[in-house]
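Dear colleague,

Please find the structure below, with its sequence. A summary of the findings comes after it.

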Number of protein chains: 2
Amino acid sequence: MIRILLADDEHLIRGALAALLALEDDLIVVGQAATGAEAIAAARALIPDVAVVDLQMPDLDGVTVADRLRVEVPTCRTMIVTSHGRPGHLKQALAAGVRGFLPKTVSAENLAMVVRTVHGGGRYVDPQLAAEAISAGDSPLTAREADVLQLASEGAPIEEIARRASLSPGTVRNYLSAAAGKLGAANRHEAARIARKSGWI
Amino acid sequence: MIRILLADDEHLIRGALAALLALEDDLIVVGQAATGAEAIAAARALIPDVAVVDLQMPDLDGVTVADRLRVEVPTCRTMIVTSHGRPGHLKQALAAGVRGFLPKTVSAENLAMVVRTVHGGGRYVDPQLAAEAISAGDSPLTAREADVLQLASEGAPIEEIARRASLSPGTVRNYLSAAAGKLGAANRHEAARIARKSGWI
DNA sequence: CACTTCAGATGACAGATGTCATGACGGCTT
DNA sequence: AAGCCGTCATGACATCTGTCATCTGAAGTG
């Protein structure tokens, strides 16, 4: 019997997934969480075999949860399900020790199968996401460029970005210019869109 | 027995919702669809009592589907579930004849209850979304302003927006300036963010 | 008809932004 | 030690963008 912890902020989805997994004889949902923090607390208390975590949650994202679980509950294998899978997220997730990564477009049978695979020590990544991740390649941005672009993506003027990043406005412009160049964008806003779409910020 | 059509592009969610609704004695899921077009075709063939439609789908969005169903399958009541409920979407949905509007954070019992309410001729809108919609008010943007802002939201420079909208660059700037003023934004990019968050574009 | 309203356009101006050259510093590699 | 790279900064310049005043033509209204 595989003991599962479910974490997803959407009550409806979480309940529905639980109902779905309950149909499988060898799976049992032992706990549910609506936020990243709850998920970590529940995992510590319940020590599940597998944690099925949504990528987008109000507080911590799924990758952060996976990273913490790897340290705090080492026997728990983590897998992530997501609506909007970006190539960059997949890379981050694998780096955080995630064993399975699936879009929510998969079927229920597939989900159960992957839960078993992950529990058995295997890994599973959705083939389409994997292909996208490979073709998208690594982020060409340096750490600071990504930082600055992250702030720029909210539409703030350069002066505000400079204040929030504790940099001089000139430096901010240099970074944004470099980032836009690397991403083939005409301006920082387009660059921010590209980086976000690829999961690089 | 209430006959239900489910439309959601995420296979996992759709199957899970079906499993969940199947637990209720008076509800039966008679059909499922993964796209807006499929949903309309299925509704025409099956004539369900209630259509439960996701707001975001690859081709047509939930509001468009509702609008078409109202005309093509008048006996079918439509309700919408969504992950990211924006105030503007709620208004559009009600205008399209939608009878129920729920975020996916509701519980399964609530969903079943709302299905019954809608089937009985009633309406149900999530209280929190309703409050947001009322406080957000109507879109202050004119039709053209919204058009231009829509194009601007992709990060394109003004000249490209002008070409795509068949307007002169100067006019585009005027509209964007007016829109930014109305939305209290410092520039068009921030204005686009605000308008998108409110569901106005 | 006179009046108003609105989409669309133009031109001018100031300020914001993108681009480039240049320099300094620290860490890492060879 | 020498060289490369990432980080941070400054200054100059051209261009882009936001703002405003003003104009046109079409449509609607009294």
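This is a predicted model: local features need pLDDT of at least 70, side-chain atom pairs count only at pLDDT 80 or more; totals for chains, interfaces and linings use all residues.

Residues are numbered from 1 along each chain as its sequence is written, chains are lettered from A and ligands numbered from 1 in the order in which they are written, and side-chain values use heavy atoms, with hydrogens and water left out.

**Interface of chains A and B**

Chain B and chain A each contribute 26 residues to the contact (heavy atoms within 4.5 Å). Together they bury about 2200 Å², of which 67% lies on carbon and sulfur atoms; buried area is the accessible area (1.4 Å probe) that two parts lose on being put together, summed over both. Glu10(B), Leu12(B) and Lys104(B) supply 25% of the area that chain B buries against chain A, more than any other three residues.

Across this interface there are zero salt bridges (a side-chain nitrogen of Lys or Arg within 4 Å of a carboxyl oxygen of Asp or Glu). On the side of chain B that touches chain A, the elements giving two or more residues are α1 (11-22), α5 (108-119) and α10 (188-197) of chain B. Helices here are DSSP runs of H or I with at least four residues, and strands are runs of E with at least two, numbered from the N terminus. The largest share of that side, seven residues, comes from α1(B).

**Sheet of chain B**

Six strands of chain B make an open, parallel sheet in the order β2-β1-β3-β4-β5-β6; two strands pair if DSSP finds at least two bridges between them. β2 (27-33) and β6 (124-125) of chain B stand at the edges with a single partner strand each, so one side of each has no neighbour in the sheet. Strand β5 (residues 100-103) of chain B is joined to β6(B) by two bridges, and Gly100(B) stands opposite Tyr124(B) in β6(B).

**Salt bridges**

Over all chains, the search finds 22 salt bridges. One is formed by Asp147(A) and Arg144(A), whose closest N and O atoms are 3.3 Å apart. Both residues lie in helix α7 (residues 143-152) of chain A, three residues apart, about one turn of the helix. Side chains of opposite charge can pair when their charged atoms come close.

With kind regards
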